[in-house]
Amino acid sequence: MIAGIVLALYTIVAAIWLPELGRRAARWAERAPRLAIMLWQAAGVSVVASAVLAALAFAVPADVVGHGLAELFAICADMLSDGSGLTWTSAVALPIAVLVPARAAYCGAAVLLRAHVERREHAAMLGLLGRHDTDLGAVVIDYDERLAYCVPGRHAQMVITTGALHTLAPEQVTAVLEHERAHLRGRHHLVLAGAEALARAFPGVPLFERARTEITRLIELLADDVAARRHPRAQIAAALVRLATGRAPAFTLGAGGETALTRVRRMLNPEAPLRRRERLTGLAAVAVLLGGPAMVALVPSVSSFLAHHCHSLFIL
Amino acid sequence: MIRGLGELESTIMDWLWARRRPASVRDVLEGLRQERVIAYTTVMTVMDNLHTKGLLKRRPVGRAYVYETVASKEAYTAGLMRRALAGSGNQAATLVHFLEQLTPEEAAALEAALQVFPPRGRPA
């Protein structure tokens with residue numbers, strides 16, 4: 001029961017307070033986007049896991065767990081069949097333990113399925129309207145708007161418009177395509193889908209909303225960094241600016257302005273990467289986020305298990 | 001096989017877009033035969049598919065259909081790009097853009113940032 005309360009409190013505090021912590025560490029995240037993405041993902045998993053484990057801890061008394069799996073299953077079966085031993089806490093907690101992961105899985109599947117269908121339709125039209133440029137390794141579309149994007153998935157392809165090709169210098173084109181290739185190689189669409197799924201599954205939870213925004217932002221910084229390994233940073237910055245200007249106002253949504261500015265600044269004025277100790281701290285935080293809830297949940301069971309079996313030994 | 005048909009769809013659409021007026025299967029066949037060996041039934045099947053997909057409209061003339069593109073290639077391209085951009089906001093997992101949409105003010109701020117550190121090797 002105590003483990004349940006601890007986990008439930010952790011779930012609430014983490015869901016509200018972790019985004020605030022993330023906001024304070026935004027500059028730090030920009031120096032290590034990959035690690036920062038891992039931290040946001042770990043935070044999301046941590047909160048979902050602790051919610052489920054808290055519900056389980058309320059539903060199933062720890063002293064039962066200690067007596068072995070067979071007994072646990074027997075008690076669960078009793079609870080489900082005739083309601084004997086079913087307290088009101090377990091009546092509330094058990095559905096939560098089932099519904100939370102089910103909802104996350106359902107939303108994840110829905111996001112992936114919809115993206116898959118949209119991409120297939122998009123790719124079919126690209127086949128009719130574009131032409132594959134073997135030198136670029138991308139599909140070129142006759143269109144004045146300056147656009148570059150990638151269509152992830154099994155038949156992944158990169159797309160660039162003639163408007164973008166005319167605006168960008170050749171080395172900027174290769175830099176832009178390297179950025180898109182980084183998205184495809186890193187399977188960034190799955191990372192985005194995961195963040196999207198959690199935010200949709202549990203709307204209004206500050207952590208998931210913030211994680212989606214931050215991961216969307218950080219994934220661009222990460223792809224810039226990968227592209228910058230082989231291409232001059234200044235060219236990536238110039239490409240960003242050239243693609244940002246001269247667009248039709250009808251399309252402007254004003255969503256990514258701050259991110260774009262951050263990206264240009266980072267490319268022109270790179271900050272030192274994280275020191276070894278900072279990196280290890282980040283990795284340790286990932287481990288704690290992922291392992292913490294399970295540890296807390298296991299403490300009463302383990303102690304009860306030990307008590308039970310040591311007791312047996314004592315009798316022997 | 002499917003890839004081959006997809007390529008033929010694209011070739012036929014391009015031919016009709018370039019022609020800018022209605023054409024029968026026979027017209028298309030003769031137009032394409034200058035470049036490749038192809039069967040009448042193949043062209044007919046593909047054009048029928050394109051009609052089913054809503055890319056071609058047709059009306060009967062004599063014993064055959066005369067086909068015409070529903071909209072220009074430019075109109076289709078504009079529609080596709082607009083959908084690609086519209087989807088980027090709420091469905092980031094579908095397409096990953098190089099750059100999100102910016103307001104003119106934000107674009108100007110980017111340009112200003114670049115002025116401070118002009119890229120080397122190329123006049124800004």
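## A loop residue in chain B

Let's start with B:Ala71, which lies in the loop between strand 3 and helix 4 (73-90) of chain B. Helices (H or I, at least four residues) and strands (E, at least two) are DSSP runs, numbered from the N terminus. B:Ala71 counts as partly exposed, at 25% relative accessibility; buried means under 20% relative accessible area, exposed over 50%, and partly exposed in between, with a 1.4 Å probe and protein chains only. Apart from neighbours within four places in sequence, B:Ala71 is in contact (heavy atoms within 4.5 Å) with B:Trp17 and B:Tyr76. The C-alpha atoms of B:Ala71 and B:Lys57 are separated by 9.6 Å, and these two residues are 14 residues apart along the chain.

## How to read the model

This is a predicted model, in which local features need pLDDT of at least 70 and side-chain atom pairs count only at pLDDT 80 or more, while totals for chains, interfaces and linings use all residues. Residues are numbered from 1 along each chain as its sequence is written, chains are lettered from A and ligands numbered from 1 in the order in which they are written, and side-chain values use heavy atoms, with hydrogens and water left out.

Two strands pair if DSSP finds at least two bridges between them. Strand 1 of chain B is joined by two bridges to strand 3 (residues 64-69) of chain B, and the two run antiparallel. Here B:Ser24 stands opposite B:Val66 in strand 3 of chain B.

On the helix 2 side, the contact is made by B:Val25, B:Arg26, B:Val28 and B:Leu29, and on the helix 3 side by B:Tyr40, B:Val43, B:Met44 and B:Met47. These residues divide into seven nonpolar, no polar and one charged. In this grouping, Ala, Val, Leu, Ile, Met, Phe, Trp, Tyr, Cys and Pro count as nonpolar, Asp, Glu, Lys and Arg as charged, and the others, Gly among them, as polar.

## A sheet with strands from both chains

Five strands form another open sheet, in the order 1(A)-2(A)-4(A)-3(A)-4(B), with mixed pairing. At its edges stand strand 1 (131-133) of chain A and strand 4 (96-97) of chain B, each with a single partner strand, so one side of each is left without a neighbour in the sheet.

What about strand 4 of chain A? Four of its five residues are buried, so this strand is mostly covered. Strand 4 (residues 157-161) of chain A runs antiparallel to strand 3 (residues 148-151) of chain A, joined by four bridges. A:Cys150 has A:Met158 as its bridge partner, and A:Tyr149 stands opposite A:Val159. The two strands form a hairpin with five residues between them, and A:Gly153 in the turn has a positive phi of about 115°. Strand 2 (residues 138-141) of chain A runs parallel to strand 4 of chain A, with three bridges between them; A:Val140 pairs with A:Ile160 there.

## Positive phi and a buried threonine

A:Arg187 is not a glycine, yet it has a positive phi of about 50°. A:Arg187 sits in the loop between helix 8 (170-185) and helix 9 (188-201) of chain A. B:Arg20 likewise has a positive phi, near 65°, and is exposed, with a relative accessible area of 69%.

Finally, A:Thr262 in helix 12 (residues 257-268) of chain A is buried, with a relative accessible area of 13%. Leaving aside neighbours within four places in sequence, A:Thr262 is in contact with A:Glu30 and A:Arg217.
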